[in-house]
Each structure stands twice: as structure tokens, then as C-alpha cells.
Amino acid sequence: MAAIIALLAAGLAGFVVANQFAQVSPAKTVPIALPAASGPTSSPPLLTDLGRNDLASVVTVEAELESGAAESLGTGWVFDNLGDVVTNAHVVNGDDTVRVTDRAGNTYVARLVQSSQTSDLALLRVTGALDGAPLPIDARSLSAVPVPVITLASSRATGHSDMTSEMLIGLNDNVPLQGTGIEAGQALPQEYDDMLHLQGARIYEGNSGGPVIDASGRVVGIVTLASPSSADSYAIPISRVLSTLRQWVAVG
């Protein structure tokens, strides 16, 4: 795996990048447009429509240190009717104040229910009625590729499109990391194991924590890593962490 990978939280003081051969800084990004519906790389209209419907359940996650020294923006999504939101641990770990803004523009202070730096997973809980229904989840382990998928994001966090068309091309990929933590004292995995490999439209900073949606409109992954110079990105399989999320909700 020779792709250069960056943790996808926007506005942080630095990045952890990964390459088996060298460590480099992320390239400057430019806006892109989704491919036209009639183009040869377009997703089937049904998949695109499902993605648009699921966007109502995608939120912006904003984490800020009490000192105001650093701030990060990431993506999350509505997990249940208790006000729980799923995102990546690297979006919120080490931050004192976390806010969630839903698709309708309502902003809530969020409490960190639990997180795991090892799996780069976090569950937040807000007090209030989030706009959007809980996203349906495909709990089965994926067994065949390639398959078309859609990634959803907060456009406020990414500065780009809130929906990208991708092809899921790999299962169980291991992605090694190099570098230091994003925040002082924050431990990060040296390697991300058992990841879904996506390829297609570019994924940007701020996509962290966003859902990967399959052709049935269900969440199959959580976007976590991407190359700053190619169309490769990686997601945590939801089937691998679903039991953990349910346990966190129960003890919330």
C-alpha cells in the first residue's frame, strides 16, 4: 500500500500522514463537482437518490479546546433516537467543548459518551431533537467487491461537496501510519487494520466520521482516512464496530 494517507479532520494544527516509504504534507485541495448523471462514472440514480435522502441525518461535529488554541471540524451521523451521533475519535479527542449542528442548522452542545483511539471511533450524545432519522445500518460483513457506494459529509466541514460517488474496491486493508499525534498527548494507532478501501471522487478534510452508504441506503462504513494526492480513501467497516457502539449506547 503506497498511498499517502491523512486523518480527515479539518482545521487541526497538523496531520498524521502515512506512507510505507515517506512522510509528506497534504496537497492543497480544490473544489470538485459530482459527475453528471449521464457520465460513464456516475453512480446509479437510485444510489444517488438514497444518498440525498440520507443527508438529512448527517451532522457537523465541531471540537474546540477550552484555550481556543485549536479547533477541528468533522462529520457525524445520527445513530439512534437518543441523540447519539457517530464520528471518529480523532475529531473530538482531547477537546473540551464539542458541538453538533444538524442539517436544519440547529446547534447543540454534545457530551462524549465514549471513544476508542485504537479503533478511532467516538459516540456523542446531545440533549435535544436532532433533525433527521437514525440511518439504517447493514450489520453484515461485506464479502464481495467492487460495489458502488456513496460517501456523505458535512459540506461546512469539508468545504466541498456533501456527497461523493465511490467504488468500494477492497476489504480488510491494513493502513500503516507515521508521524506524531494531532493534539499533544493524543495517542493514535500505528496502523489502521481491517479497513474498507474506496476509490473514486476525491475525499477531503472534514469527511472524517461520515457514513459510507450502499445501494440499499444503509451504512456500511465510516470514512476515516484519505490520500491528499489521489482518489484513494479508507473507511472503518460498520460491521466491525457496531457491537461496540451498541454497548456504549447502553451505558451512555
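A residue counts as buried when its relative accessible area is under 20%, as exposed over 50%, and as partly exposed in between, using a 1.4 Å probe and protein chains only. Keep that in mind as we walk through this predicted model, where local features need pLDDT of at least 70, side-chain atom pairs count only at pLDDT 80 or more, and totals for chains, interfaces and linings use all residues. Residues are numbered from 1 along each chain as its sequence is written, and side-chain values use heavy atoms, leaving out hydrogens and water.

Let's start with the whole protein. Of its 252 residues, 53% are buried. It has four helices and 14 strands, taken as DSSP runs numbered from the N terminus (helices: H or I, at least four residues; strands: E, at least two).

Now find strand S3, residues 58–64. Six of its seven residues are buried, so S3 is largely enclosed by the rest of the structure. S3 runs antiparallel to strand S4 (residues 71–78), with seven bridges joining them; here valine 59 stands opposite glycine 76. Five bridges also join S3 to strand S6 (residues 97–101), again antiparallel, and in S6 threonine 101 is the bridge partner of threonine 60.

Next, look at aspartate 162, in the loop between helix H3 (155–158) and strand S10 (163–176). Aspartate 162 is buried, at a relative accessible area of 18%. Its side chain makes a polar contact with the side chain of arginine 103 at 2.8 Å (a pair of N or O atoms within 3.5 Å; within protein, one must be able to donate a hydrogen and the other to accept it, and residues adjacent in sequence count only if both atoms are side-chain atoms).

Conventions
Pairing = 2+ DSSP bridges.
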